[in-house]
Amino acid sequence: LGEHCELVVCSTDDPKFDDLLSRAEGLVVRTYTVVDKALLARAPKLRVVGRAGVGVDNIDLEACAVRGVAVVHTPDSNTQAVVEYVLLMMLKALRPVVEVTKAVDPSAWKQLRDTHVATRQLSEMTLGVLGFGRVGSRVAQVANTIGMNVCFNDLKPIDPSEHKGIQSLSLDHLLSRSDVLTIHIDGRPSNDKFIDAQRLGLLKDDVLLINTSRGMVVNTDDLASFLQSHGQARALLDVHASEPITANNPLLSTVNATLLPHLASRTETASKQMSLVVRDVVAVLEGHTPKWPAISL
């Protein structure tokens, strides 16, 4: 960016931000900067917003389109990183692992081996994939390859012939069938608190729920209640309705909930690929067609 334009890096709470925004023709944001009508009104010269990442739910696409502001992003930049992370979390939850850090006698050795036994293999379990976009479909493919029974649900119709061995189910059937439920739906308003008490009530008593999509898609209070009344169930949550996690989050005191600090996309490779949004920002500023537009102008 610095080779093509005047570049200033600052946060939205920087005293200089409003003055810079009034002059800016391009704006590059990550996850937590909200680009809405109010921000656009303070940016009369803005021509392009670059979202260094996948989801664009922090950007009002309709307002940008009305203003003629292009929006570009990096839709496939962190798919592999998130898929690896989901697999890691699933395996860590299901396969007990213990490290030997000192010499042990035969009795202690036997005890270690006898007490760290997985109750099931992945090949005996059903993985339910809620949301079958780039990440969800790739998670399903990997899980199917290693022997899991895989099913999915998505808003849009999916051609089953393109995903052999992976079954499309209704939402209720998916929830009731899943031994492991991994969530990959987006942050559109209709998905707010999508996983609520009614839908949680359809899950198995010992379900493993994994969320690496958006924190807001799960009703935190309802999930805490479900986990507290289903001691064999577990939830692994990498995203949260409020980030950083606040003290009033009921899941902090829920023993079968594991809260993680939004790490799924945190690989050097994914970070570099997300940063390449600058190519499309420069393309728009120089009058060229971007490779990854989020809206059509």
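In this predicted model, Leu276 has a relative accessible area of 32% and is therefore classed as partly exposed, since that class lies between the limits of 20% for buried and 50% for exposed residues. Leu276 belongs to the loop between α10 (268–275) and α11.

Seven strands, or 7 in the order β6-β5-β4-β7-β8-β9-β10, make up an open sheet with parallel pairing. Its edges are formed by β6 (166–168) and β10 (257–259), each of which pairs on one side only. On average, neighbouring strands of this sheet are turned by 20° against each other, direction ignored. In general, the strands of a sheet pair through backbone hydrogen bonds, in either a parallel or an antiparallel manner.

The pairings can be followed strand by strand. Strand β5 (residues 149–153) and β4 pair in the parallel sense over 5 bridges, and within this pairing Thr126 stands opposite Asn149 in β5. Strand β4 (residues 126–130) is also joined to β7, by 4 bridges and again in parallel; here Leu130 has Ile183 of β7 as its bridge partner. From β7 the sheet continues to strand β8 (residues 208–211), with 4 bridges in the parallel sense. In that pairing, Val180 has Leu208 of β8 as its bridge partner.

Which way do the side chains of strand β7 point? In a regular strand, side chains alternate between the two faces of the sheet. Strand β7 (residues 180–183) shows Val180 and Thr182 pointing one way, with Leu181 and Ile183 pointing the other way. All of these residues are buried.

The structure holds 13 salt bridges. One of them joins Arg47 to Glu25, with the closest N and O atoms 3.1 Å apart. This pair connects distant parts of the chain, as Arg47 is in the loop between α2 (37–41) and β2 (48–51), while Glu25 is in the loop between α1 (17–23) and β1 (26–29), 22 residues apart. Arg47 counts as partly exposed because its relative accessibility is 33%, and Glu25 is likewise partly exposed, with a relative accessible area of 39%.

Arg120 forms a salt bridge with Asp179, and the closest N and O atoms are 3.3 Å apart. Arg120 lies in the loop between α5 (106–115) and β4, and Asp179 in the loop between α7 (171–177) and β7, so that parts of the chain 59 residues apart are linked. Asp206 is partly exposed, at 31% relative accessibility. Arg120, Asp179, Lys204 and Asp206 are linked in a network of salt bridges.

Pockets complete the picture. Rolling a probe the size of a water molecule over the atoms shows where empty space is left. The largest pocket contains about 1300 Å³ of space. Its lining consists of 46 residues, and those nearest its centre are Val54, Gly55, Ile185, Asp186 and Arg214. Two or more lining residues come from each of α4 (79–94) and α6 (134–145), and the largest share, 3 residues, comes from α6. By class, this lining has 17 nonpolar, 18 polar and 11 charged residues.

The second largest pocket holds about 760 Å³ of space. Of the 27 residues lining it, Leu7, Val8, Ala24, Gly26 and Leu27 are the closest to its centre. The elements α1, β1 and α11 (277–285) each give two or more residues to this lining. The lining of the second largest pocket divides into 16 nonpolar, 5 polar and 6 charged residues.

Methods:
Residues are numbered from 1 along each chain as its sequence is written. This is a predicted model: local features need pLDDT of at least 70, side-chain atom pairs count only at pLDDT 80 or more; totals for chains, interfaces and linings use all residues. Side-chain values use heavy atoms; hydrogens and water are left out. Buried means under 20% relative accessible area, exposed over 50%, partly exposed in between (1.4 Å probe, protein chains only). Two strands pair if DSSP finds at least two bridges between them. A salt bridge is a side-chain nitrogen of Lys or Arg within 4 Å of a carboxyl oxygen of Asp or Glu. On a 1 Å grid over the protein atoms alone, a cavity is a set of points where a 1.4 Å probe fits but cannot get out, and a pocket is an open set with protein on both sides within 12 Å along at least five of seven lines; lining residues have an atom within 4 Å of a point. Grid points are joined across faces, edges and corners, and a volume is the space filled by probe spheres set on the points. Ala, Val, Leu, Ile, Met, Phe, Trp, Tyr, Cys and Pro count as nonpolar, Asp, Glu, Lys and Arg as charged, and the others, Gly among them, as polar. Axes are lines fitted to C-alpha atoms, for helices over the stretch in contact, and angles run from 0 to 180 degrees between N-to-C directions.
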